[in-house]
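Please look over the sequence and the fold together before reading on. The paragraphs below are meant to be read with both in view.

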Amino acid sequence: MDSSGPPRSPDPHAPESQAAEPRPTGPRPRRRDRHGRGMRGPVAPPQVPLSASRAEAFGDLVQDSVERLERRWPQLAEVDFLVLDVPRAAAADGPEEWSDEPVPLGGVVPSEEGRPACVVVYRRPVEIRTKSRDERALLVHEVVVEQVAELLGLAPESVDPRYGQD
């Protein structure tokens, strides 16, 4: 056959950009593994508690305790509540000399010029002292009540009448 015939018209159904653009030569992302299976997804969907990290679950316990106290003490809405992993190490004269004081479970930072008061709960010391989620929830609530009582200048029993009964 003679190839000198009339030029062929391009396919009317093919996009013009496909014919003009060269294909990338680099490796393409894998769509399937070597066994023909698709990519694996997460173990659990995000709305399932299994996918929440320990820090997120701990933060939820603190938030539940705060909401419980805010119903009785509306002024707590102006207080910041933070969760930190561990307290800062307080060495006496240097990094080699450590104090014999127990590790705190929480703390209070009073309000200063334009900054609201802050209640801090330390996650790792609380987790180490508890074995189950229920124990952890009770201890978190006790720590929050004690810190709020210190902030307000009251006894813990007056902040939450059920303090120490659980």
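What follows goes from the nonpolar core to a helix that contributes to it, then to a loop residue, and ends with the salt bridges.

This is a predicted model, in which local features need pLDDT of at least 70 and side-chain atom pairs count only at pLDDT 80 or more, while totals for chains, interfaces and linings use all residues. Residues are numbered from 1 along each chain as its sequence is written, and side-chain values use heavy atoms, with hydrogens and water left out.

The largest nonpolar core holds 20 residues, and the members that touch the most others are Val62, Leu69, Val121, Val140, Val144 and Val159. A nonpolar core here is a set of buried Ala, Val, Leu, Ile, Met, Phe, Trp, Tyr and Cys residues joined through side-chain atoms within 4.5 Å, where buried means under 20% relative accessible area, exposed means over 50%, and partly exposed lies in between (1.4 Å probe, protein chains only). Two or more residues of this core come from each of helix H2 (54–72), strand E3 (118–122) and helix H4 (133–152), with H4 giving the most, seven residues. Helices (H or I, at least four residues) and strands (E, at least two) are DSSP runs, numbered from the N terminus. Once its neighbours within four places in sequence are set aside, valine 62 is in contact, meaning heavy atoms within 4.5 Å, with Val83, Val121, Val140 and Val144.

Helix H4 can be followed along its length. Its 20 residues should span 28 Å at 1.5 Å a residue, and its end C-alpha atoms are 28 Å apart, which agrees; the expected span is 1.5 Å times one less than the number of residues. Among the buried residues of H4 are Arg136, Leu139, Val140, His141 and Val144. The buried residues of this helix pack against H2, strand E1 (80–84), strand E2 (106–109), E3, helix H3 (123–128) and helix H5 (156–159). After H4 comes glycine 153, whose phi is positive, near 75 degrees.

In the loop between H3 and H4 lies threonine 130, which counts as buried because its relative accessibility is 9%. Its side chain is joined to that of arginine 136 by a polar contact of 3.3 Å, a polar contact being a pair of N or O atoms within 3.5 Å; within protein, one must be able to donate a hydrogen and the other to accept it, and residues adjacent in sequence count only if both atoms are side-chain atoms.

Side chains of opposite charge can pair when their charged atoms come close. Four salt bridges are found in a search of the whole structure, each being a side-chain nitrogen of Lys or Arg within 4 Å of a carboxyl oxygen of Asp or Glu. In one of them, aspartate 160 pairs with arginine 68, with the closest N and O atoms 3.4 Å apart. This pair links distant parts of the chain, since aspartate 160 is in the segment after H5 and arginine 68 is in helix H2, 92 residues apart. Aspartate 160 is buried at 7% relative accessibility, whereas arginine 68 is partly exposed at 26%.

Within helix H3, glutamate 127 forms a salt bridge with arginine 123 (3.1 Å, N to O), and the two residues lie four residues apart, about one turn of the helix. Glutamate 127 also forms a salt bridge with arginine 124, with the closest N and O atoms 2.9 Å apart. Asp85, Arg123, Arg124 and Glu127 are linked in a network of salt bridges.
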